[in-house]
Amino acid sequence: MKITVVGAGFVGATTAQRLAEKELGDIVLHDIVEGMPQGKALDMMESACLEDFDSTVQGTNDPADYSGSDVVVITSGLARQPGMSRDDLLLKNAEIVGGVAENVRKYAPDAIVIVVSNPLDVMTYLVGAKTGFPKHRVMGMAGVLDSARFRCFIAMELGVSHRDVEAMVLGGHGDDMVPLARYSTVSGIGIEALLPKEKIDAMIVRTRNGGAEIVKLLQKGSAYYAPSAAAVQMVQSIVRDEKRILPVAAYCTGQYGIKGQFVGVPVQLGRKGVEKIIELSLTENELKQLQASASHVAASVEKLGV
Ligand SMILES: NC(=O)c1ccc[n+]([C@@H]2O[C@H](COP(=O)([O-])OP(=O)(O)OC[C@H]3O[C@@H](n4cnc5c(N)ncnc54)[C@H](O)[C@@H]3O)[C@@H](O)[C@H]2O)c1
């Protein structure tokens, strides 16, 4: 497998490192800053004998090196600073991500594309439009990260192993994302049977603010350890055809009453990309929240005029 990571900043470089260490394919790491992706790639290659992997990592400034990629992960673009919302990144990142999408269409026409750049759902829409790829080959990473944050808070609150906790977060990657307590479990036991409502509500709020909490602590830039791990879990499900059920920003064609839009929903992820969208049975209130989140995404897409 050939996997290209576009953007060799915090998220991109950590993604490349995790992909190589898991030997999911040979990696191309692209950035516009001269020497930087080459330096990071060489540094990673020098760790191969210590971390015991045979994947190669090639740094480049030339998008022609995307050629023949099976998967492309787009992480290029500005990250949030304290006080900024993801939407504040819209216009600048649209310029960057739009240009990258054109290169992906030109050099990697058969690739499956995972968008990471923010604002996530809108950037995914833009990549879908600019590449013109079939929509099952374009998706965004957000739900896996947001669910991992919810899982982490549940495990910390209960003092149980993180491995036993499952959670589901739907909707756009913004303040109005929809963490679903009803579909969150510890070894199959619903969290509503294990925790009082106030605790669950507090964890839902913390999950929604999970990105901002880290931006505030770092004071410069945003999260990248968990985001890169989330992107890599998606790549792995694709290249190994694992068919995992994961929440990703996928193109809805009427599911959940949402049409013609990328928004976070549970999907089956395999070698063909988004192989199926799973329709959960939602309460009226959950559905209303999901649709409100989707409307927010649609309004931002409209601002871009794509
Ligand atoms: N979806 C999510 O859950 C999630 C989580 C974390 C971060 N993000 C987003 O990911 C993006 C990257 O975050 P980061 O922390 O790595 O930022 P960063 O600033 O460390 O890295 C971004 C990199 O993109 C590069 N770049 C800019 N234009 C480019 C182009 N045309 N081609 C190739 N590379 C280009 C920059 O030189 C820089 O190295 C941000 O938009 C951030 O908001 C999303």
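Let's start with aspartate 201: with a relative accessibility of 33%, aspartate 201 counts as partly exposed. Keep in mind that this is a predicted model. The partner of aspartate 201 is lysine 197, and their side chains form a salt bridge. Lysine 197 has 57% relative accessibility, so it counts as exposed.

| Pair | Closest N to O distance |
|---|---|
| Lysine 92 and glutamate 95 | 3.6 Å |
| Arginine 182 and glutamate 286 | 2.8 Å |

Arginine 182 belongs to strand β8 and glutamate 286 to helix α10 (residues 284-304), so this pair ties together parts 104 residues apart in sequence. Arginine 182 is partly exposed at 38% relative accessibility, whereas glutamate 286 is buried at 10%.

Lysine 92 and glutamate 95 are three residues apart in helix α4 (residues 90-107), with about one helical turn between them. Lysine 92 is partly exposed at 39%, and glutamate 95 is exposed at 57%. Elsewhere, a network of salt bridges links Asp241, Lys243 and Glu275.

Now for helix α6. Its 16 residues, 143-158, span 22 Å from first C-alpha to last, close to the expected 22 Å. Among its buried residues are Val144, Leu145, Phe150, Phe153 and Ile154. The elements covering the buried residues of α6 include β7 (165-170), α8 (210-218) and β10 (244-253). After α6 comes glycine 159, with a positive phi near 65 degrees.

Key. Residues are numbered from 1 along each chain as its sequence is written. This is a predicted model: local features need pLDDT of at least 70, side-chain atom pairs count only at pLDDT 80 or more; totals for chains, interfaces and linings use all residues. Side-chain values use heavy atoms; hydrogens and water are left out. Helices (H or I, at least four residues) and strands (E, at least two) are DSSP runs, numbered from the N terminus. The expected span of a helix is 1.5 Å times one less than its number of residues. Buried means under 20% relative accessible area, exposed over 50%, partly exposed in between (1.4 Å probe, protein chains only). Contact means heavy atoms within 4.5 Å. A salt bridge is a side-chain nitrogen of Lys or Arg within 4 Å of a carboxyl oxygen of Asp or Glu.
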